[in-house]
Each structure stands twice: as C-alpha cells, then as structure tokens.
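Please have the model open beside you as you read.

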Amino acid sequence: MDLHALLEKTISGLGYELVDLERSPKGRTIRIFIDKPDKEGGVDVEDCALVSHQVSRLLEVEDVDYDRLEVSSPGLDRPVKKPADFERFAGQDIQVRIRLPLNGQRNFQGELLGVRDGKVALRLDSGEVELDLENIEKARLVPDFG
C-alpha cells in the first residue's frame, strides 16, 4: 500500500493539499502537513481536526499500524516539493539543498524564479542558477518578516 498516494487522494478529496508526510523511524508516529492554498491565513485548528478525523478513520479501515497521528500546517518555512509548488511560490525567497554538488556547492538561497525545462531557476546574489528537479534533496521557503 502506498500511504502517500492514499492520503493524498483522501486529503485532496476534502479540499486540502498534502504538503508533506513524515513517519517516525519505527513508523509509530505519522505526521501530515496540509495546506489550503485558497484560504486566507492558511489552515487552522479546525482544518487540522477535520483532516485528522478523516485520516484516522481511513487508517483504521486500511489497517495501518501506528500509535500517533499529527496533522498540522506546513508553517511559514514550508517545504517545496512538487513542480507546481516551485511555480506557485515564484518570487519568494527559498533555500535549496541538492544531492550532487553543482560547481562544488550543495546549498543555495535566493529568489525562486519558477521552473524552466524541468529545472528550478533561482536568482542568487551572484547571478541566476538552474537546478535539476531530480537533484533537489530539500527545499523550503524563507519567511519574510519584513
């Protein structure tokens, strides 16, 4: 069973987006991060409770063995994973870590320009760079508190 696909279908059916899924090393805790892109102010406690209730029932029906389920918003420094996310958040600052170094560098921070021909484009202080989507290990938005 593909837990990610199962959860994504259920959560999107409720009108939310599955941003990320984490399982503790022994799989006893399942953490789900949700968003509702069209909702001003992002998800709130009621949204998390609704999704938690539905997912709990789903996990019971699917006989998934776990001890604890956590549902929360992705936060201001939300992870960016899907190509559509890299387009959606264009214009914002982002931190990206890649698996294989590019010119000896694995960590980048700059303005996200979007996706071009399967590559994520960033504007850095030193100019523009394009990173292969498949090579991105981790990407997160950088909150703007200014």
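1. How many bridges join strand 6 (residues 119-124) to strand 7, and how do the two run? Six bridges join them, and the strands run antiparallel. Strand 6 and strand 7 form a hairpin, with two residues between them.

2. Some ground rules before going further. This is a predicted model, in which local features need pLDDT of at least 70 and side-chain atom pairs count only at pLDDT 80 or more, while totals for chains, interfaces and linings use all residues. Residues are numbered from 1 along each chain as its sequence is written, and side-chain values use heavy atoms, with hydrogens and water left out. Helices (H or I, at least four residues) and strands (E, at least two) are DSSP runs, numbered from the N terminus. Two strands pair if DSSP finds at least two bridges between them.

3. Now the overall inventory. The chain holds three helices and eight strands, and reading along the sequence gives the pattern α-β-β-α-β-α-β-β-β-β-β. The C-alpha trace spans about 50 × 35 × 25 Å along its principal axes. Of the contacts (heavy atoms within 4.5 Å) with a separation of 6 or more, 51% are between residues 24 or more positions apart.

4. For angles, the axes are lines fitted to C-alpha atoms, for helices over the stretch in contact, and values run from 0 to 180 degrees between N-to-C directions.

5. There is also an open sheet of three strands, ordered 1-2-3, and its pairing is mixed. Strand 1 (17-23) and strand 3 (68-72) are the edge strands, each pairing on one side only. Neighbouring strands of this sheet are turned by 20° against each other on average, direction ignored. Strand 2 (residues 29-35) is joined to strand 3 by five bridges, and these two run parallel. Within that pair, Val 71 of strand 3 is the bridge partner of Ile 32.

6. What packs on the three-stranded sheet? Helix 1 (residues 3-13) does, touching strand 1 and strand 2, and its direction makes about 145° with that of strand 1. Helix 2 (residues 45-61) lies across strand 2 and strand 3, at about 145° to strand 3.

7. A closer look at Glu 70, which is found in strand 3. Its relative accessible area is 22%, so Glu 70 is partly exposed; the scheme takes under 20% as buried, over 50% as exposed and partly exposed in between, with a 1.4 Å probe and protein chains only. Leaving aside neighbours within four places in sequence, Glu 70 is in contact with Thr 29, Ile 30, Arg 31 and Ile 32. Glu 22 is 48 residues away along the chain, yet the C-alpha atoms of Glu 70 and Glu 22 are separated by 9.7 Å.

8. Next, the loop between strand 3 and helix 3 (83-88), where Asp 77 is found. Asp 77 counts as partly exposed because its relative accessibility is 35%. Not counting residues up to four places away in sequence, Asp 77 touches Arg 140, Leu 141 and Pro 143. Asp 77 and Asp 93 are 16 residues apart in sequence, and their C-alpha atoms are 10.0 Å apart in space.

9. Is Phe 145 buried or exposed? Its relative accessibility is 69%, so Phe 145 counts as exposed. Phe 145 has its place in the segment after strand 8. In sequence, Phe 145 and Leu 76 are 69 residues apart, and from C-alpha to C-alpha they are 9.9 Å apart in space.
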